[in-house]
Amino acid sequence: MNRRDRTVLVGIGGWDGAAEAVRWAARLAEGRDLELELVHCLQTAAPAGFAGPGPLFEDPPSDGGLLAPAGDPAVPFGDASPVRNEVYTDSAPDLLIDRSRDARMVVLGGTGADGFTAVLAGAAVSAVVSNAGCPVVVVRGRRGDGPVPLDGPVAVGVDTSPNSEAAIAAAFEEASARNVPLVAVHAWADVVCDAIERTARPAQRWETRRQPVEEQLFAQRLDGWQEKYPGVEVRRKLVRDRPRQALLDESARAQLMVVGTRGRGGFAGMLLGSTAQALIHHSSCPVLAVRPEARR
């Protein structure tokens, strides 16, 4: 395994949750014999194309203040060494996107602040998730700012797109590594299509006809993965609900939620997809976002 497959990169910038992100990443690195690298970004500017006033920090704070999470004795690094600490004055999204090409995973803290700062920080997180060259984890706790869960299953959103295939692969890998069950959730209700169908025929007839089709599509998506990971217990949930709501509900019981994204370059926050957007900003557990074209 070369270095790019061994590095867990933690971005520490102008968003909340840096210490929790470091703790989460340190546990992951220690458990999988990976290297932990902390990147401190003194300038968390809004991504290009965002109509904001510029950097969050007009006068960058001292290095010592931002380095606090790394030197805090409450942050357990364990055997997750060597730990590299680097400080940059670059824009956090641009820097992390660039560094992600040589990392196994990027880890960010969830945004818990209120007001315009939270909007900018949220835009920065979305930009990294949409454009990173490797999977990105946004560390969130129960109800956002509660404790980060350390137990429970891994959950994954399953649909019929290539985004889902990449997410399923990552979810099986994570469930296997953690030795926990995998909850595969397929939510098949679409608000627009549902409304159209209801005007044309009774709802019950439409649901009865559609259910077997969705069950078959769901099974096809999971075919082969259980053979590749025979030790992973798979729990299938076919839910007639909006995907974002079904996955947000499931995040309250999971220790990790895996979702596929379709980031397309540039400032792609609005192109991230409503389900992925909802999860990285409102999930009740850490979210692993996987782009189909990102290296794993």
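Modeller: Just after helix 1, D33 takes a positive phi of about 55 degrees. Keep in mind that this is a predicted model.

Colleague: Where is the place of D33, between which helix and which strand?

Modeller: D33 is not a glycine, although its phi is positive at about 55 degrees. Its place is in the loop between helix 1 and strand 2 (35-43).

Colleague: Does D33 count as buried or exposed?

Modeller: Exposed means over 50% relative accessible area. D33 has 55% relative accessibility, so the residue counts as exposed.

Colleague: What is the phi of N179, a residue other than glycine?

Modeller: N179 is found in the loop between helix 6 and strand 7 (182-187). N179 is exposed, with a relative accessible area of 67%. Its phi is positive, near 60 degrees.

Colleague: How far does helix 1 reach from its first C-alpha to its last?

Modeller: Helix 1 has 15 residues. At 1.5 Å a residue the expected span is 21 Å, and the helix comes close to that value, with a reach of 21 Å.

Colleague: Which residues of helix 1 are buried?

Modeller: The cut-off for buried is under 20% relative accessible area. In helix 1 the buried residues are A18, A21, V22, R23, W24, A25, A26, L28 and A29.

Colleague: Which helix gives the most to the lining of the second largest pocket?

Modeller: The lining consists of W24, R27, L28, G31, R32, P149, L150, A177, R178 and Q255. Helix 1 (18-32) and helix 6 (162-178) each supply at least two of the lining residues. With 5 residues, the one that gives the most is helix 1.

Colleague: How many residues of the lining of the second largest pocket are charged?

Modeller: By class, the lining has 5 nonpolar and 2 polar residues. The charged residues in the lining number 3.

Colleague: How much space lies in the second largest pocket?

Modeller: Rolling a probe the size of a water molecule over the atoms shows where empty space is left. For the second largest pocket, the space comes to about 230 Å³.

Colleague: Is C134 buried or exposed?

Modeller: C134 lies in the loop between helix 5 (116-131) and strand 5 (136-139). Its relative accessible area is 2%, and the limit for a buried residue is under 20%, so C134 is buried.

Colleague: How far apart in space are C134 and M105, C-alpha to C-alpha?

Modeller: In sequence, C134 and M105 are 29 residues apart. In space, C-alpha to C-alpha, the distance is 5.7 Å.

Colleague: Which residues is E250 in contact with, leaving aside its neighbours within four places in sequence?

Modeller: E250 lies in helix 10 (residues 243-251). E250 is buried, with a relative accessible area of 5%. Leaving aside neighbours within four places in sequence, its contacts are A155, V183, V185, K237 and M257.

Colleague: What do the buried residues of helix 10 pack against?

Modeller: The buried residues of helix 10 are A246, L247, L248, E250 and S251. They pack against strand 6 (154-157), strand 7, strand 8 (234-239), strand 9 (256-260) and helix 11.

Colleague: How many residues of helix 11 are buried?

Modeller: In helix 11 (residues 274-282), the buried residues are T275, A276, Q277, A278, L279, I280 and H281. The helix is mostly covered, and of its 9 residues the number buried is 7.

Colleague: Which residues does Q211 touch, not counting residues up to four places away in sequence?

Modeller: The place of Q211 is in helix 8 (residues 203-222). Q211 is partly exposed, with a relative accessible area of 28%. Q211 and L238 are 27 residues apart in sequence and 9.1 Å apart in space, C-alpha to C-alpha. Not counting residues up to four places away in sequence, Q211 touches W188 and L238.

Colleague: What share of the 296 residues in the chain is buried?

Modeller: The chain has 11 helices and 10 strands. Its accessible surface comes to about 13,100 Å², of which 50% belongs to carbon and sulfur atoms. Of the 296 residues, the buried share is 51%.

Terms used: Residues are numbered from 1 along each chain as its sequence is written. This is a predicted model: local features need pLDDT of at least 70, side-chain atom pairs count only at pLDDT 80 or more; totals for chains, interfaces and linings use all residues. Side-chain values use heavy atoms; hydrogens and water are left out. Helices (H or I, at least four residues) and strands (E, at least two) are DSSP runs, numbered from the N terminus. Buried means under 20% relative accessible area, exposed over 50%, partly exposed in between (1.4 Å probe, protein chains only). Accessible areas come from the Shrake-Rupley method with a 1.4 Å probe; for residues, only the protein chains shown count as cover. On a 1 Å grid over the protein atoms alone, a cavity is a set of points where a 1.4 Å probe fits but cannot get out, and a pocket is an open set with protein on both sides within 12 Å along at least five of seven lines; lining residues have an atom within 4 Å of a point. Grid points are joined across faces, edges and corners, and a volume is the space filled by probe spheres set on the points. Ala, Val, Leu, Ile, Met, Phe, Trp, Tyr, Cys and Pro count as nonpolar, Asp, Glu, Lys and Arg as charged, and the others, Gly among them, as polar. The expected span of a helix is 1.5 Å times one less than its number of residues. Contact means heavy atoms within 4.5 Å.
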